[in-house]
Amino acid sequence: MRRPLTVLLTALAPVSWGTTYAVTTEFLPPDRPLFTGLLRALPAGLLLLALTRVLPRGVWWWKALALGALNIGAFFPLLFVSAYRLPGGTAAVVGSVGPLFVVGLSVPLLGQRPAVRHLVTGAVAAVGVSLVVLKGAGALDPLGVLAAVASTASMAAGTVLTKRWGRPAGVGPLALAGWQLTAGGLLIAPVALLAEGAPPAFDGRALVGVLYLALANTAVAYWLWFRGIGRLGATQAGFLGPLSPLTAAVVGWAALGQALTPLQTAGMALAFGATLAGQAGAGRPRLFSSAERNARTESMDLTVPAPRR
């Protein structure tokens, strides 16, 4: 019973991230995507650092910086750039292929064979998400497409490396989340200030939105996400990613009055079914043989501690 509970708790992270668009558009000042990303990351990271009072040591200074750059510092700005430059839900469709990126990166970094079942399931999830979020054709901005692909690849690489590197002895997922959020927020800060100028004025409504994004949507969600990666594995956690755009569609229908067509409903069922299939099949990865694994890891850092379970 512990594994289904872990899956459920980990799934709360992408479900929470699916509410980001609605909260941002309804509560926060418009046209400040980088500053919104900064407010999501840095306050949450500093709060977790204050709660855990644990700092990285040794090689974990650069590992925390690398993971923070991939999962937060690069992911947030690229995600917002793609969302502003692409029509409709195109960015969400690109993001929904994240499980395929995770499966592919797990080959060189984790020594896991890509199962055909995982590839098919990831493709089906992407098709289901596309039926939900794409509402019409439009000209695709090349920079927006590039940003969407890069953001998806960045998050996938961070997910796989989080599993590969695990955590230092005595360090929990709460501290690991704090390191990455703080590092990512510090990377976003100068870019946001240069590109968007001084912070905007906030009223009470905007303050509520910022508190939600920083606490529930980021601090708690990323803690659950990194905890889940350590216990479930990168592939199984990655297959929960499509829950984010699906949640965004449900929130838009329930809270913002956005109608769902029968085709969108069918797409939701398809993507959700693929997500469940990914959980059923991703828990027992196919590993390379000892000879294959040794050949692949001769040039890799073998001093990395094994993930704690």
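Contact here means heavy atoms within 4.5 Å. On that basis, among contacts in the protein between residues at least 6 apart in sequence, 90% join residues at least 24 apart. The structure is a predicted model, in which local features need pLDDT of at least 70, side-chain atom pairs count only at pLDDT 80 or more, and totals for chains, interfaces and linings use all residues. Residues are numbered from 1 along each chain as its sequence is written, and side-chain values use heavy atoms, with hydrogens and water left out.

The secondary structure comes to 15 helices and 2 strands; helices (H or I, at least four residues) and strands (E, at least two) are DSSP runs, numbered from the N terminus. Of the 309 residues, 50% count as buried, a term that means under 20% relative accessible area, with exposed over 50% and partly exposed in between (1.4 Å probe, protein chains only).

We can turn now to two helix pairs. Two packed helices are described by the angle between their axes and the distance between the axes. Axes are lines fitted to C-alpha atoms, for helices over the stretch in contact, and angles run from 0 to 180 degrees between N-to-C directions. Helix H2 (residues 20-27) packs on helix H11 (residues 204-232) at about 160°, the two axes being 9 Å apart. That angle makes H2 roughly antiparallel to H11 (angles under 35 degrees count as roughly parallel, over 145 as roughly antiparallel, 65 to 115 as roughly perpendicular and the rest as oblique). The crossing of H2 and H11 is left-handed; a crossing is so called if the near helix is turned anticlockwise from the far one by less than a right angle, and right-handed if clockwise. From H2, Thr20, Val23, Thr24, Glu26 and Phe27 meet H11 residues that include Arg205, Tyr212, Leu213 and Asn217. The residues of this contact divide into 6 nonpolar, 4 polar and 2 charged, where Ala, Val, Leu, Ile, Met, Phe, Trp, Tyr, Cys and Pro count as nonpolar, Asp, Glu, Lys and Arg as charged, and the others, Gly among them, as polar.

At 0% relative accessibility, Asn217 counts as buried. A polar atom of the Asn217 side chain lies 2.7 Å from the backbone oxygen of Ser16, and the Asn217 side chain also makes a polar contact with that of Thr20 (3.1 Å). A polar contact is a pair of N or O atoms within 3.5 Å; within protein, one must be able to donate a hydrogen and the other to accept it, and residues adjacent in sequence count only if both atoms are side-chain atoms. Leaving aside neighbours within four places in sequence, the contacts of Asn217 include Trp17, Thr19 and Arg40.

In the second pair, the axes of helix H7 (residues 98-110) and H9 come within 9 Å and cross at roughly 45°. H7 and H9 are therefore oblique to each other, and the crossing is right-handed. By class, the contact of H7 with H9 has 11 nonpolar, 3 polar and 2 charged residues. The buried residues of H7 are Gly98, Pro99, Val102, Val103, Ser106 and Val107. After H7 comes Gly111, with a positive phi near 70°.

Arg167 sits in the loop between H9 (142-165) and helix H10 (173-196). At 13% relative accessibility, Arg167 counts as buried, and a polar atom of the Arg167 side chain lies 2.9 Å from the backbone oxygen of Val171.
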